[in-house]
Amino acid sequence: SEEDMYRDAEEIEREKMLLYETSSSEHKLSVAPEMDIMEYCRKEWRGNTPVAKRMRKGYEAVAQKFASIRRVRGDNYCALRATLFQALSQATQLPSWLQSEDFTMLSDQRMSKYDWIKQWQLKQKLGRKMGEISDEIKEYLILLREKWKNMSEIKDPMERQEACDKLFRNEAEEYSLYEALKFLMLNTAIKLYNDDKDGRRVPVFSWLLFARDTSSNPCQLMHNHLNHIGHSGGLEQVEMFLLAYALRYTIQVYRLYKYSTDEFITLYPNDPEEDWPVVTLITEDDRHYNIPVRMCQETML
């Protein structure tokens with residue numbers, strides 16, 4: 001194909017193998033066991049194309065900070081999965097926004113004001129009535145708070161990691177948590193949109209989010225973007241900012257194809273609040289995200 005003319009044969013073959021491996025041996029694992037980061041790199045990037053060389057340099061730089069990598073299941077939820085997995089596995093306390101009394105009432109509050117939210121698409125199930133959707137989202141928000149609370153109460157990091165692994169093997173609960181995250185993103189988008197309309201200060205990414213032809217308001221954002229996450233699309237760059245604001249977490253991403261540029265390590269948001277916890281992800285292409293783990297001793301000191 002025309003696209004293949006620009007890629008090395010080795011690279012195309014590697015991609016086919018990756019798809020085969022993902023569809024066979026690892027399809028049931030949401031987050032694979034950890035693997036030495038340079039061993040993973042050597043396995044994935046053997047060629048001598050400029051792309052392969054850049055990836056190897058990028059992985060070498062990440063290996064200065066992290067010893068291992070955990071491969072994340074490659075569906076269209078991977079940005080949500082990698083971010084939430086890191087947040088929960090590092091959780092030492094329940095975030096204040098999850099503690100508020102009206103947190104679980106968000107779906108009722110928003111739907112009573114915005115009738116169009118009844119077209120929210122839950123896990124590819126259509127035709128629900130508005131009350132049913134509201135109740136289901138409420139269940140997901142309660143589940144998110146419950147799981148976060150449970151993780152934060154486990155003081156031993158190894159035990160917490162094991163509990164996290166177990167949670168991300170429970171498909172029903174895992175996908176329910178992603179629906180909660182998507183709703184929190186919509187809730188944050190509505191707030192930012194209204195703040196801007198009322199003349200309040202909003203972060204720059206909010207202007208970019210609503211400057212797109214496909215998301216000039218929260219309703220369009222839901223229809224054309226959020227409803228598709230996990231089904232026919234993943235998160236775009238500007239939506240990574242929205243996820244960070246929804247969780248009040250700084251998402252630090254090693255973008256390997258940007259190695260040796262100012263964008264190699266990108267922060268969402270790029271001017272984070274000092275008290276926001278940080279999670280770290282790794283990507284080769286801004287579409288699929290993996291998790292670097294086991295911070296090197298020197299870095300921790």
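Colleague: Which residues does the UniProt annotation "active site" cover?

Modeller: That annotation, from an unreviewed entry, covers Asp75, Cys78 and His288; such annotations may be inferred rather than shown by experiment. Although spread over 214 residues of sequence, they cluster in space, with a largest C-alpha distance of 8.3 Å. This is a predicted model, where local features need pLDDT of at least 70, side-chain atom pairs count only at pLDDT 80 or more, and totals for chains, interfaces and linings use all residues. Residues are numbered from 1 along each chain as its sequence is written, and side-chain values use heavy atoms, leaving out hydrogens and water.

Colleague: Why does Asp75 count as partly exposed?

Modeller: Buried means under 20% relative accessible area, exposed over 50%, and partly exposed in between (1.4 Å probe, protein chains only). Asp75 has 22% relative accessibility, so it counts as partly exposed.

Colleague: And what makes His288 partly exposed?

Modeller: His288 is at 23% relative accessibility, therefore partly exposed too.

Colleague: Why is helix 9 called roughly perpendicular to helix 12?

Modeller: Helix 9 (residues 171-197) and helix 12 (residues 237-247) pack at about 95°. Angles under 35 degrees count as roughly parallel, over 145 as roughly antiparallel, 65 to 115 as roughly perpendicular and the rest as oblique, so the pair is roughly perpendicular.

Terms used
Axes fitted to C-alpha atoms, helices over the stretch in contact; angles between N-to-C directions. Helix = DSSP H or I, 4+ residues; strand = E, 2+ residues; numbered from the N terminus.
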